[in-house]
Amino acid sequence: MLSQSETYSVLPARDLARARRFYKDVLGMEPEEERVEGLLYRTPKGAAIMVYQTENAGTAANTAIGFDTDDIEAEVAVLRGRGVTFEEYDFPGLKTENGIATTKEDRAAWFKDTEGNIICVSQTVAFGRSEAREREGSQSSTISD
């Protein structure tokens with residue numbers, strides 16, 4: 001059943017070479033495999049991201065992928081240092097300040113990759129995963145140095 005299957009993300013790119021440079025130079029990610037259908041990336045915990053070439057890239061107005069971190073301030077600072085511009089939002093129930101929105105449950109920041117995909121970096125602040133990770137003594141960083 002699908003409820004027992006691993007999931008993966010699929011991101012469109014108009015220019016696969018340009019996307020590859022962004023994912024390497026800005027996010028610090030190298031593809032694990034180059035396939036006929038595109039570039040396969042894998043996070044340290046095993047999540048897969050397929051980036052493939054299509055003219056439909058950048059047409060979605062929603063978050064395409066999210067990265068969970070234990071320190072959103074640090075991640076945002078690293079990304080800004082690499083030239084990323086964060087989106088600013090002001091919707092009922094969601095307002096960013098200096099690129100970061102804060103709710104009872106989490107803090108999040110959004111930016112676009114070179115292909116127009118909206119990427120989210122978030123940190124859980126309510127009791128849950130972040131506190132559980134601290135108790136386990138683990139760290140979670142999404143952006144490679």
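Mentor: We begin with a term: helices (H or I, at least four residues) and strands (E, at least two) are DSSP runs, numbered from the N terminus. Two further conventions are needed: contact means heavy atoms within 4.5 Å, and axes are lines fitted to C-alpha atoms, for helices over the stretch in contact, with angles running from 0 to 180 degrees between N-to-C directions. The model is a predicted one, in which local features need pLDDT of at least 70 and side-chain atom pairs count only at pLDDT 80 or more, while totals for chains, interfaces and linings use all residues. Residues are numbered from 1 along each chain as its sequence is written, and side-chain values use heavy atoms, with hydrogens and water left out.

Trainee: Which strands does helix 2 lie across?

Mentor: Helix 2 lies across strand 8 (100-102), strand 9 and strand 10, and runs at about 15 degrees to strand 9.

Trainee: How should I read the pairing of strands, and in what order do the six strands of the open sheet stand?

Mentor: Strands of a sheet pair through backbone hydrogen bonds, either parallel or antiparallel. Here two strands are taken to pair if DSSP finds at least two bridges between them. The six strands of the open sheet follow the order 5-10-9-8-7-6, with mixed pairing. Its edge strands are strand 5 (63-68) and strand 6, each of which pairs on one side only. Strand 5 pairs with strand 10 (residues 118-124) in the parallel sense over five bridges, and Phe67 stands opposite Val121 in strand 10.

Trainee: In what sense do strand 2 and strand 3 pair, parallel or antiparallel?

Mentor: Strand 2 (residues 33-35) and strand 3 are antiparallel, paired over three bridges. The hairpin of strand 3 and strand 4 has five residues between the strands, and Gly46 in it takes a positive phi near 100 degrees.

Trainee: Why is strand 3 described as largely enclosed by the rest of the structure?

Mentor: The term to apply is relative accessible area: buried means under 20%, exposed over 50%, and partly exposed in between (1.4 Å probe, protein chains only). Four of the five residues of strand 3 (residues 38-42) are buried, so the strand is largely enclosed by the rest of the structure. For comparison, take Glu32, in the loop between helix 1 (16-25) and strand 2. Glu32 is partly exposed at 46% relative accessible area. Leaving aside residues up to four places away in sequence, Glu32 touches Leu40, Tyr41 and Arg42.

Trainee: Which parts of the chain does the pair of Phe86 and Phe111 tie together?

Mentor: The rings of Phe86 and Phe111 have centres 5.5 Å apart and planes at 75 degrees, so this pair is edge-to-face. Phe86 lies in the loop between helix 2 (72-81) and strand 6 (90-91) and Phe111 in strand 9 (residues 106-112), so the pair ties together parts that are 25 residues apart in sequence. Both Phe86 and Phe111 are buried.

Trainee: Finally, how many salt bridges does the structure hold?

Mentor: Side chains of opposite charge can pair when their charged atoms come close. The criterion for a salt bridge is a side-chain nitrogen of Lys or Arg within 4 Å of a carboxyl oxygen of Asp or Glu. The structure holds nine. One of them joins Glu73 and Arg107 at 2.7 Å, N to O, linking helix 2 to strand 9 across 34 residues. Glu73 is partly exposed at 43% relative accessibility. Salt bridges with shared partners also join Glu33, Arg35 and Glu37 into one network; within it, the closest N and O atoms of Arg35 and Glu37 are 3.8 Å apart.

Note on methods: Phe/Tyr/Trp six-rings, centres within 6.5 Å; stacked < 30°, edge-to-face > 60°.
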